[in-house]
Amino acid sequence: MAFVTGTLLIDAPASALNNMGRIPDEREDNTVGVKQIRTKEGIYPYVSAQAFRYWLRTSLPRNNTKWQNAPMYKEDTSLAYTAADPLEYWDDDLFGYMRAPKGENLSKRRVDPEYAKLTPLQVRKEGSKEKELAITRLSPFRMSTLVSIAPVQLVGQFESMSRHEGDPVPYVSQFYRTTLKGLFSLNLHACGTFSYADRTGFRHLDEVRRQKAEAAGLEHLVEEKSYRLPFEQRQARVQALFEGLAQLEGGAKQTLHYTDVAPALIVMAVTRGGNHMFGHTLGASRNGLPECKLDSLREALTVFRDDLLSPVYVGWVRGYLDDERAKFEAFANEYNADTPYPISISHPRTALLTLAQEFAKNPGWLD
């Protein structure tokens, strides 16, 4: 079973990419803070994995006209879900879902035209009542929280709304200067493969969706209790995901801080297992500046040598950490002299697009 395993850095020179809302008990009543982890070493700003996945999920259809985002339904203030149909909707396939409607609202949902836009759920009778059966899918695409590589001093910026007569409306917002690091992984076998096993997280398809899979002529993996899309469709979805990462947009406070959230540095490869081989290769120096931990990378490439299925794709923006890049290029030249899977260095967008195209040449990665 193959995975794409990677780590990335986002350069945030003056940013507030993910906020936690108003901070209570501050000097100014209207003070908005950034999400942060407080430790004895200091404050680490972070961006939640949910926020990053939202950036990616909204970037994808803007950059790929074939990408299919599932319709959403908000049942009440505490419950919302997608159509939960991975056969048709690409984001339900790669980002997973949980659709578990409340039984007491069934009659209301049945007459709601917005609910009618979703693929129906299997219904089971329980005495005189009917119940829609829940389905869930673990996300093949996994993303970590993006955390500052080192503790930083948060800046509180005094601002005001003053485009009106009378006194201005003051407020304070926090921002930071740092480098955010995140890990990601994509289970390639799970992409386009949908289970009907009766287990939490593995019951991707109910009887309605199984009948849809049969009617569409999907491959039936009997031993896995799964149906699989044709290779060309699975390849297209995976390629679109990496093309979307190459053109990632999003983040809070862009009007005031305009931070480019596309990776400034990314390291990734296709591997046999889901263990993350690059988790400790990028970090901070003693001065809190980003650096590539070459000893860690050398160890990872040695320990996981037999698990590599592709070159190591490195995307590195010129002008970002140029001294570190020079050291890395020297390391890569030495490493590439004796390996079947060399380190390939290019711009992050080029690296992501190159990997996306490699899936057509390596169909076994998606088995």
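This is a predicted model: local features need pLDDT of at least 70, side-chain atom pairs count only at pLDDT 80 or more; totals for chains, interfaces and linings use all residues.
Empty space in a structure can be located by rolling a probe the size of a water molecule over the atoms. In this model, the largest pocket has a volume of about 460 Å³. Its lining consists of 15 residues, and Q50, Y54, R57, M72 and T82 are the closest to the pocket centre. Three elements, α1 (49–63), β7 (79–82) and β8 (97–99), each contribute at least two residues to this lining. The largest share comes from α1, which supplies five residues. Sorted by class, the lining of the largest pocket contains seven nonpolar, five polar and three charged residues.

The second largest pocket has a volume of about 360 Å³. Its lining is made up of 20 residues, with N187, H189, A190, F202 and H204 nearest the centre. Strand β16 (residues 193–195) gives the most to this lining, namely three residues. The lining of the second largest pocket comprises eight nonpolar, eight polar and four charged residues.

Helix α1, which supplies five residues to the lining of the largest pocket, also packs against another helix. The axes of α1 and helix α5 (residues 231–246) come within 9 Å and cross at roughly 105°. Angles of 65 to 115 degrees count as roughly perpendicular, so α1 is roughly perpendicular to α5. On the α1 side the contact is made by F52, L56 and L60, and on the α5 side by A240, L241, G244 and L245. By class, six residues of this contact are nonpolar, one is polar and none is charged.

Note on methods
Residues are numbered from 1 along each chain as its sequence is written. Side-chain values use heavy atoms; hydrogens and water are left out. On a 1 Å grid over the protein atoms alone, a cavity is a set of points where a 1.4 Å probe fits but cannot get out, and a pocket is an open set with protein on both sides within 12 Å along at least five of seven lines; lining residues have an atom within 4 Å of a point. Grid points are joined across faces, edges and corners, and a volume is the space filled by probe spheres set on the points. Helices (H or I, at least four residues) and strands (E, at least two) are DSSP runs, numbered from the N terminus. Ala, Val, Leu, Ile, Met, Phe, Trp, Tyr, Cys and Pro count as nonpolar, Asp, Glu, Lys and Arg as charged, and the others, Gly among them, as polar. Axes are lines fitted to C-alpha atoms, for helices over the stretch in contact, and angles run from 0 to 180 degrees between N-to-C directions. Angles under 35 degrees count as roughly parallel, over 145 as roughly antiparallel, 65 to 115 as roughly perpendicular and the rest as oblique. Contact means heavy atoms within 4.5 Å.
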